[in-house]
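This report walks through a few parts of one structure for a reader who is new to it. Please look over the sequence and the structure before reading on.

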Amino acid sequence: MKKKVLSLMLVASMAASLLAGCGGSDEGQSGGGETGGTAGTTGTEAAGGETASGEKLTVWCWDPAFNIYSMEEAGKVYQQTHPDFELEVVETPWQDVQTKLTTAATSGDLSTLPDIILMQDNAFQKNVISYPDAFLDLTSSGIDYSQFAAGKVAYSTVEGKNYGVPFDNGAVIACYRTDILEQAGYTVDDLTDIDWDRYIEIGKDVLDKTGKPLLSCQAGESDVIMMMLQSAGASLFDADGNPNMVGNDVLVKIMETYAALKTSGVLIEVNDWDQYVGSITSETVAGTINGCWIMASIQTAEDQSGKWAITNMPSLVGVDGATNYSNNGGSSWAVTANCQNPELAYDFLASTFAGSVEFYETILPSSGALATYAPAGDSDVYNQPSEFFGGEPVFAKIVEFSTKIPSNNTGVYYYEARDAIATAITNVVAGSDIDAELQTAQDTVEFQMAQ
């Protein structure tokens, strides 16, 4: 019965988090992340068209601790029944994936693309619509899409056709160093079910007593803004897909809250992804708020095992519909039109990401990659305690969080809008007027949409 309940929770969580909107990120840097990882490769940088073996697939994705690890484990699972299979995973940051895809598609030369790429969910439809010849239709590939939540599948569906295989869940978690909180006289319970005003109050006290801020993020990025936005079910677009920034009271409140976090010192900004992870693992900050995939990066600090705990994020103050739950990140796998052996790619994905509970049981404890493959919800692994996170059954807790995430409208021009908002918040923190910056942001997106 316990398994059945967990399975139902997982399905509900997937529907909620995915209707809500990733990795993700959004600009999140890991599973759901966009800018995660440094340029590099786990093999030679070969595109799909250059593979020598008919039993070999080349994949582009980012983040060694999450996406790359998961894909390589999928390769091991598939090799159990296909011993001649080879998998080459080329570490490629999300921005580079997008740039290389755009260059290949606009030039009409797809030969530079690999067999499989990882695609941010929020970018999937726009890329397929913009570059329809770059992707293979997976609708009749043998992948059973009924095993995934409809909301997740929808991200990679265009005109009723499936172009992606769902991967990770991006439910937002707040992670805290319990030993640092204890020094300031707090526990994780004090930061559970709170609003941002209380968060700033506690954060200032922790900073005063320990010298450590509660939160860090990348300067010039809008992850925190977007997580706040979705936590209230709000969006940068209206129901018709038009920019909705000017006169958006929820967005104004969010900008004010972010500015207060920065001014108070509770939030510090760093220059890039590596510095962000470093600020967490080196104890520069006492916590972080991000998609659940961030657990993989946190756990690279093995000496900190048992010193971390997770809970939900703060809610916006004075906003109707505000919750303590959001989503950041989330991605799906696409097969490119340059794939030299589509049938192999289809079978590989159908047998692993879309067909193996064993695979998801393997990657969950190490990476925190919560499945969007429904049968994995029957696994006892989801209820196992995590020694690193204080012995709590954190995966079951994250599933519960996912069931409470409000849905919102991302819009086809999601990334253009979030980039405009990132510029706006940078200027607001520097002293610019919020309303003026939101007007500029909306004008920018409207101009881009008109091109």
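Setting aside neighbours up to four places away in sequence ("within four places"), Y199 is in contact with Y176, L191, I194, L214, L215, L261, V266, I289 and P314; contact means heavy atoms within 4.5 Å. The model is a predicted one, in which local features need pLDDT of at least 70 and side-chain atom pairs count only at pLDDT 80 or more, while totals for chains, interfaces and linings use all residues. Residues are numbered from 1 along each chain as its sequence is written, and side-chain values use heavy atoms, with hydrogens and water left out.

Y199 belongs to the largest nonpolar core, which has 146 residues; Y199, W333 and F353 touch the most other members. A nonpolar core is a set of buried Ala, Val, Leu, Ile, Met, Phe, Trp, Tyr and Cys residues joined through side-chain atoms within 4.5 Å. Buried means under 20% relative accessible area, exposed means over 50%, and partly exposed lies in between (1.4 Å probe, protein chains only).

## The largest cavity

The largest cavity holds about 120 Å³ of space. Its lining has 14 residues, and C217, Q218, D223, Y276 and N290 are the closest to its centre. Two or more lining residues come from each of β8 (215-218), α8 (223-231) and β10 (287-291). Here a cavity is a set of points, on a 1 Å grid over the protein atoms alone, where a 1.4 Å probe fits but cannot get out, and lining residues have an atom within 4 Å of a point. Grid points are joined across faces, edges and corners, and the volume is the space filled by probe spheres set on the points. Helices (H or I, at least four residues) and strands (E, at least two) are DSSP runs, numbered from the N terminus.

C217 is buried, with 9% relative accessibility. C339 also counts as buried, at 8%. The whole structure contains zero disulfides, a disulfide being a pair of cysteine sulfur atoms within 2.5 Å.

Strand β7 (residues 172-177) includes R177. Is R177 buried or exposed? R177 is buried, with a relative accessible area of 1%. Beyond its neighbours within four places in sequence, R177 is in contact with E283, A286, Q304, K307 and W308.

G220 sits in the loop between β8 and α8 and is partly exposed, at 38% relative accessible area. Not counting residues up to four places away in sequence, G220 touches A422 and T426. The C-alpha atoms of G220 and T423 are 6.4 Å apart, although 203 residues separate them along the chain.

How values were computed: 1 Å grid on protein atoms, 1.4 Å probe; cavity = no way out; pocket = protein on both sides within 12 Å on 5 of 7 lines; lining within 4 Å.
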